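Please read the sequence alongside the model, and keep both in view while working through the paragraphs below.

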Amino acid sequence: GIRKLCCELLDLKDAVENLCGNRRTKYLAFLSKFDCNGNCRMSEEVVEMEHELVELRKHISSQGIIVQDLMTGVCRELEESNQETADTNDTPLDPKVDDVQEEMDDPKKKFLEKIDVLLAEHKVEEALEALEAEEKNFSGDSSTESSSYKSSFLERKAMLEDQLTEIAELPAVSANELKKALSGLIKLGKGPSAQLLLLKSRGSRLQKNIEVFLPSCSVCPKTFPAALSRLVFSMISLTTRESGLIFGDNPVYTNRVVQWAEWEIEFFVRLVKENAPPSETISALRAASICVQDSLNYCLLLESQGLKLSKLLLVLLRPYLEEVLELNFRRARKAVFDSMEVDENLPLSPHFVSAVSAFATSSNSLLVDSGMKFLYIISDILEQLTPLVVSHFGGNVLPRISQLFDKYMDALIRALPGPSDDDSLTELKETIPFRAETDSEQLAILGIAFTIMDELLPSMVVKIWSPKNENQEPGNENIVPNASTTTELKDWRRQLQYSFDKLRDHFCRQYVLSFIYSIEGKTRLNAQIYLGGDGEDSQWDTLPSLPFQALFAKLQQLATVAGDVLLGKEKLQKILLARLTETVLMWLSNEQDFWGVFEDKSTPLQPLGLQQLILDMHFTVEIARFAGYPSRHVHQIASAITARAIRTFTARDVESALPVDEWFVETAKSAINKLLMGASGSDTSEIDDDHIVLHDEIISDSDDTASSLSSVESFESFASASMAELESPTFTDQES
């Protein structure tokens, strides 16, 4: 009977274990009903199952108590029965009964059974506490029995680890449950595995959030990087904070988090590139700028958590942003010259519109339209840039703006009379629908170019590069221009000035050449005017030669037109007049045909010829001083011509007692006064407002067409000096 009872008890034990296993299966099936967003689909069936589980737990507990009581009672009865049997006879007990008793009395077996029950019920916290307590009490006994128990103990420990891992890997596990599971793994000595589970869980959650978000990128192409960066960097911040709370500041764990964050940032940059608008569009530039701005701001916040990711982010984003900038400026170059017509509703500042419209001419409004369109294109690009993009990539933006301005100057050069220096720009011939024929139209071109270069473009750029402090975002204090940024801006303005100088010098060359050369290509300013004179011609002692009188009249006429067209641009007016005067002298200095006549020994030279040439040079310097424009460089060139002339005449043994310099200065001033008052010597040429008679040829202000340059051998030597050599205000920050 006792044996039968023991067998029934063992069968009952197996039944309980099967019941626990069925409960575990049902529990896992219940957990699988969670969706990817962590929301449980509650139903009546789930509610009933919860009641069922509670009843099942009560039933298992009651069955366990019954089994324990039965085992205790059976053991007691067996002891009494064995004692009685031993007293009556010496027959030994059945070995099987001894095994049962030993099994019932062994506390280690009871512990393992308890752990099995806890694991079956998924009571991982209780199982973990029991294992920890048993491990502390476990002795280092190396006997066969102890070794067998240790193996069973480790087996249960591995089972608990598997259960904790399963919990951590559940898609919808809550933050609290995840933390408990990871803490349990740490207690089991599986810290590295626990952190990998944390990173895997957060990475999987981030991936699912991104998959939900990506379909909406096309709806807001300019701003989607902001939302995407918020998803990525907020998850990095959360994971870093959780890792610190669970694993501490151990460098091993910290480095692994940094590595994981770097992988996620690389994935983020790749997503931005794949889902951004086409790189040549303005939307792509705005999206890239927002991406840099928001990402760097998040990186700044992450630095407080020990993560320094800004450098990596800039390295990854730089090629993409440079590509977008380059393609946008290529598009801008095409847009500037595709059509000069401008929509009246362009969102340009009224200040810009009025500044450019001031140069509008009645004959052609396309010039003003071209300037407004150029400004709009630049403004549209600059408005897409964010402060941190300017701070880190401004050095790539400024050169591209100056290159675009340089192309615009090339286009305006094509609108002026005469060929340009760069004949490779033939594609611009068809893109400029207007030509400036009159002086007023040519000066209007210079006025618009100068206004854009000196006022409007710097105003746009400085507004973006130097935002007001009250408009700065938190954490962006470093966008205030530092010494390096100031240097970049100065270099940029210098490049703009060089581009404008090309346009200005082309105008001066063509204007001077049309004055010096006739339509037939013959020069009006030649050495023959300095070979005559027999000492009886008194006009050489009082007035400059006829070409220089004509030069004075032309400059006066141009100054009158400039006063109307370039109203309020006195600096530009003086610079142009000074440059024109310099260009005449530079042509004379470099014209070898002119000097070859003096060096030819067969040509007779007279002392009065040298005196006349020196007077002409002083007269030219006095023109500059009288007009009030820079004269230092004019004086330098005139002095060099005078010195060369003296050397040339002296080498020909032409004796000449030249008057002192004061005589030349006073004579030149007197000549200017005479020309202004319309009084001249009896034999001098007639000079009026419209025509100047020079050797039976008429030079008229209306003769603005380009002259033939076939006989000009020193064309490239004209106007080679830069504006930095003038005594006028330049375009640098210190002098503007």
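The model is a predicted one.

Two packed helices are described by the angle between their axes and the distance between the axes. Begin with helix H4, residues 107-120, and helix H5, residues 124-137, whose axes are 9 Å apart and meet at an angle of about 155°. Angles over 145 degrees count as roughly antiparallel, and H4 and H5 are therefore roughly antiparallel to each other. Their crossing is left-handed. On the H4 side the contact is made by Phe111, Ile115, Leu118 and Leu119, and on the H5 side by Glu126, Ala127, Ala130, Leu131 and Glu134. Sorted by class, these residues are seven nonpolar, no polar and two charged.

The second pair lies further along the chain. Helix H18 (residues 546-565) packs on helix H19 (residues 570-590) at an angle of about 155°, with 10 Å between the axes. That angle makes H18 roughly antiparallel to H19. Here the crossing is right-handed. From H18, the residues in contact are Phe548, Leu551, Leu555, Leu558, Ala559, Ala562 and Gly563. They meet Gln573, Leu577, Leu580, Thr581, Val584, Leu585 and Leu588 of H19. The contact of H18 with H19 contains eleven nonpolar residues and three polar ones, with no charged residue.

Now turn to the nonpolar cores. Which residues touch the most other members of the largest core? They are Leu457, Phe507 and Phe598, in a core of 151 residues. Setting aside residues up to four places away in sequence, Phe598 touches Ala527, Tyr530, Leu531, Leu605, Leu613, Thr648, Phe649 and Arg652. Another core, of 28 residues, lies apart from the largest one, and its members include Ala127, Leu178, Leu188 and Ile246.

The last stop is Glu488, a residue of helix H17, which spans residues 483-516. Is Glu488 buried, partly exposed or exposed? Its relative accessible area is 30%. Buried means under 20% and exposed means over 50%, so Glu488 is partly exposed. Beyond its neighbours within four places in sequence, Glu488 is in contact with Gly394, Gly395 and Leu398. Pro399 is 89 residues from Glu488 in sequence, while the C-alpha atoms of Pro399 and Glu488 are 9.4 Å apart in space.

Key:
Residues numbered from 1 in each chain as written. Predicted model: local features only at pLDDT ≥ 70, side-chain atom pairs only at ≥ 80, totals over all residues. Heavy atoms only, no water. Axes fitted to C-alpha atoms, helices over the stretch in contact; angles between N-to-C directions. Helix = DSSP H or I, 4+ residues; strand = E, 2+ residues; numbered from the N terminus. Parallel < 35°, antiparallel > 145°, perpendicular 65-115°, else oblique. Left-handed = near helix turned anticlockwise from the far one by under 90°. Contact = heavy atoms within 4.5 Å. Nonpolar A, V, L, I, M, F, W, Y, C, P; charged D, E, K, R; others polar. Buried < 20%, exposed > 50% of the residue type's maximum accessible area, 1.4 Å probe, protein only. Core = buried A, V, L, I, M, F, W, Y, C linked by side-chain atoms within 4.5 Å.
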